[in-house]
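Here are a few friendly notes to read alongside the model. Please keep the view open as you go through them.

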Amino acid sequence: MTPHDTRTSRDDEAYRAFDFWIGDWTVTENGASAGTNRIVAELDGAVLSETWSGTSGVRGRSLSFYDRHRRRWHQTWIDSDGGVLHLDGGPVGRAMRLEGEGTEPGTLLPVEERITWTPNADGTVRQHWERKALGMQDWTTVFDGLYRRSADRAAPARD
Amino acid sequence: MIGYFHGAGEEALAMMGVDPARLPSREAWLDRLLPDLARPLPQKLTYYLAWRSDGLEVGHSNANQIVFGVRAHVHLHLWIPERRRSGLGLACFTESIRRFAADLELKQIVCEPYAANPGPNRLLERAGFTFVRRYRTTPGLINFEQEVNRWELLPARPTARASSAD
């Protein structure tokens with residue numbers, strides 16, 4: 001397989017592992033509004049495009065895709081404050097877990113980042129972002145959001 | 001600053017919302033912060049100001065999560081308990097805020113102290129910050145999960161009512 005392989009991704013199951021995240025969502029954390037998020041499948045389903053608008057005013061975009069050459073999912077995130085994440089991973093059961101390394105803004109220590117998206121039986125999705133110092137045991141929660149489908153928009157289908 | 005955290009007792013750390021087991025070693029912390037001190041202002045990730053009174057270092061304030069020209073989160077620490085409730089913290093913090101706003105060209109300054117610690121919450125109100133909301137979070141690597149109060153200041157507004165300092 002080469003980077004120029006033009007086989008469609010539409011029917012490849014590996015590309016569909018994150019489909020549960022597609023849609024228009026309102027997001028809360030501990031019951032309080034955290035923002036809205038829109039996840040759209042583009043390029044014949046080869047990539048998921050995220051558009052985040054946080055209640056705090058921070059806006060963010062990400063691209064998530066299955067890299068068939070590495071057989072891993074990848075996400076690159078950038079926000080309006082200059083925050084960047086490069087995450088790799090894949091399905092864990094029904095959930096999607098992506099991990100990477102970064103810098104903690106308070107201490108500037110290098111940290112491991114881990115975000116797990118879990119589809120719930122009621123149609124909601126939990127997005128749990130955790131962080132820990134390199135070499136440490138305990139993860140601390142950075143963000144624990146609950147996604148509910150927005151009532152005012154139908155969920156966008158894959159193109 | 002690092003010595004202050006490492007020298008503080010468990011009770012003092014608890015009032016700051018800090019878990020002593022999560023403090024990084026002095027060496028590891030210093031290794032990360034020292035290079036940032038040399039960075040030019042627009043590239044700084046953190047900005048530390050020491051507070052001196054009568055020739056003694058009595059506290060510090062720092063900014064992080066800096067978006068130059070836009071926003072930063074700030075923190076304040078008066079190291080000597082006997083100097084609290086004297087107006088010194090408000091005076092030092094007000095001057096720190098003025099410096100942060102000018103040097104980092106901030107349009108918004110955010111401070112999110114531990115909600116259970118009345119000292120900084122009271123000081124922020126006196127410094128002209130506006131209370132936004134209370135929520136539960138783990139503020140950083142060195143903290144335990146806690147309720148914090150979010151306070152915001154738009155620096156174009158007056159930054160202090162210094163005459164009301166206690």
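The points below cover chain B and its side towards chain A.

1. A word on conventions: this is a predicted model, in which local features need pLDDT of at least 70, side-chain atom pairs count only at pLDDT 80 or more, and totals for chains, interfaces and linings use all residues. Residues are numbered from 1 along each chain as its sequence is written, while chains are lettered from A and ligands numbered from 1 in the order in which they are written.

2. Chain B holds five helices and six strands, in the order α-α-α-β-β-β-α-β-α-β-β from the N terminus. Helices (H or I, at least four residues) and strands (E, at least two) are DSSP runs, numbered from the N terminus.

3. On burial, 31% of the 166 residues of chain B count as buried, meaning that 20 or more other C-beta atoms, placed from the backbone, lie within 10 Å of the residue's own.

4. Now the interface: 14 residues of chain A are in contact with 17 residues of chain B; contact requires C-beta atoms, placed from the backbone, to lie within 7 Å. On the chain B side, α3 (26-37), β2 (56-67) and β5 (130-137) each supply at least two residues. The largest share, five residues, comes from α3(B).

5. Within chain B, take the contacts between residues at least 6 apart in sequence: 59% of them join residues at least 24 apart.

6. For overall dimensions, the C-alpha atoms of chain B fill a box of roughly 40 × 40 × 35 Å, taken along the principal axes.

How values were computed: Two residues are in contact if their C-beta atoms, placed from the backbone, lie within 7 Å. A residue is buried if 20 or more other C-beta atoms lie within 10 Å of its own, exposed if 12 or fewer, and partly exposed in between; C-beta atoms are placed from the backbone.
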